[in-house]
Amino acid sequence: MIFNMANVCKNYGNTEVLSNFSTSVEMEEVVCIIGPSGCGKSTILNLISGLAEPSAGEVANYSTAISYVFQEDRLLPWRNVYENIHIVNQNCSTKACLSLIKDVGLQGFEGYYPSELSGGMRQRCSLARAFNFEADLLLMDEPFKSLDYNLRIEMISLLLKLWDSTRKAIVFVTHEIDEALLLGDRILLLSSRPTKIVKEFKITAPKKCRKLADLQMVQIRSEIIKSFQAGI
Ligand SMILES: Nc1ncnc2c1ncn2[C@@H]1O[C@H](COP(=O)(O)OP(=O)(O)OP(=O)(O)O)[C@@H](O)[C@H]1O
Ligand SMILES: [Mg+2]
């Protein structure tokens, strides 16, 4: 197990965000979180990472280090692509860094600054940086939100490739069902506040060869949509 949340309550003033919320994630597992806007998804990541403290209950973190990809890319504007990726891991050789840059399709842009990159390129850079940081737990908060559908699907396969070679545990927050279907070993479907896990789906098909048209995917997508329509 890489972390465990047991009966966690989180309030901000009078806003009850989480009430007796419990979940855990195993080593190497990819867990996707889907839920209505404002239900507390970012709050859950903040609690796991220690950026926020629970009002009650327990958050146990067994990871050696955490890499956090925030809702916005947070690249350093005064550093180029190479430097933004290299800076998080001083043990990373030039060769390894350049190879990672190639993996995310930014070869030739090593010297570009974030302001000179498109939104998709910045996301690739931030993905490479997250994987370059020596962490065994990766928290990702809607990292592909600003990308078009094709680019998002491309980024998911890139993420899967990087996951396959590093086997970091990942908690991935998204509003996009397809992203969760392609990526998750489990999908947690959250209610509105105070947030509970309404349903949990296990996806058994190996991540590498999933197709959105596969029967299991179609069934899970339809259950998630039904839950949304029922006003979770
Ligand atoms: N630091 C904070 N101070 C006060 N209230 C907060 C703080 N962080 C979050 N909240 C409140 O907690 C609730 C959950 O916020 P959170 O950002 O976790 O939602 P979310 O599910 O990530 O939403 P979205 O999908 O829009 O990103 C919201 O009502 C928000 O106003
Ligand atoms: Mg959020």
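A quick definition before we start. A crossing of two helices is right-handed if the near helix is turned clockwise from the far one by less than a right angle, and left-handed if anticlockwise. Keep that in mind. The model on the screen is a predicted one.

Now, helix H3. It covers residues 94–103. Which of its residues are buried? Cys97, Leu100 and Ile101. Look down the axis of H3. The buried residues fall within an arc of 100°, so they line one face of the helix. An α-helix has 3.6 residues a turn, so residues three or four places apart point the same way.

Turn to the face of H3 pointing away from the buried side. There you find Lys95 and Ser99, and they are exposed.

What do the buried residues of H3 pack against? Two helices: H2, residues 81–86, and H4, residues 119–132.

Let's take H4. The axes of H3 and H4 lie 9 Å apart, and the packing angle is about 140°. Angles over 145 degrees would count as roughly antiparallel, and this angle falls in the oblique class. So H3 and H4 are oblique to each other. Back to our opening definition: H3 passes H4 in a right-handed crossing.

Who meets whom? From H3, we have Cys97, Leu100 and Ile101; from H4, Ala128, Phe131 and Asn132. Sort that contact by class. Five residues are nonpolar, one is polar and none is charged.

One last stop. Just past the end of H3 sits Gly105, with a positive phi of about 75°.

Note on methods: Residues numbered from 1 in each chain as written. Chains lettered and ligands numbered in written order. Predicted model: local features only at pLDDT ≥ 70, side-chain atom pairs only at ≥ 80, totals over all residues. Buried ≥ 20, exposed ≤ 12 C-beta atoms within 10 Å, placed from the backbone. Helix = DSSP H or I, 4+ residues; strand = E, 2+ residues; numbered from the N terminus. Arc of directions from axis to C-beta. Contact = placed C-beta atoms within 7 Å. Axes fitted to C-alpha atoms, helices over the stretch in contact; angles between N-to-C directions. Parallel < 35°, antiparallel > 145°, perpendicular 65-115°, else oblique. Nonpolar A, V, L, I, M, F, W, Y, C, P; charged D, E, K, R; others polar.
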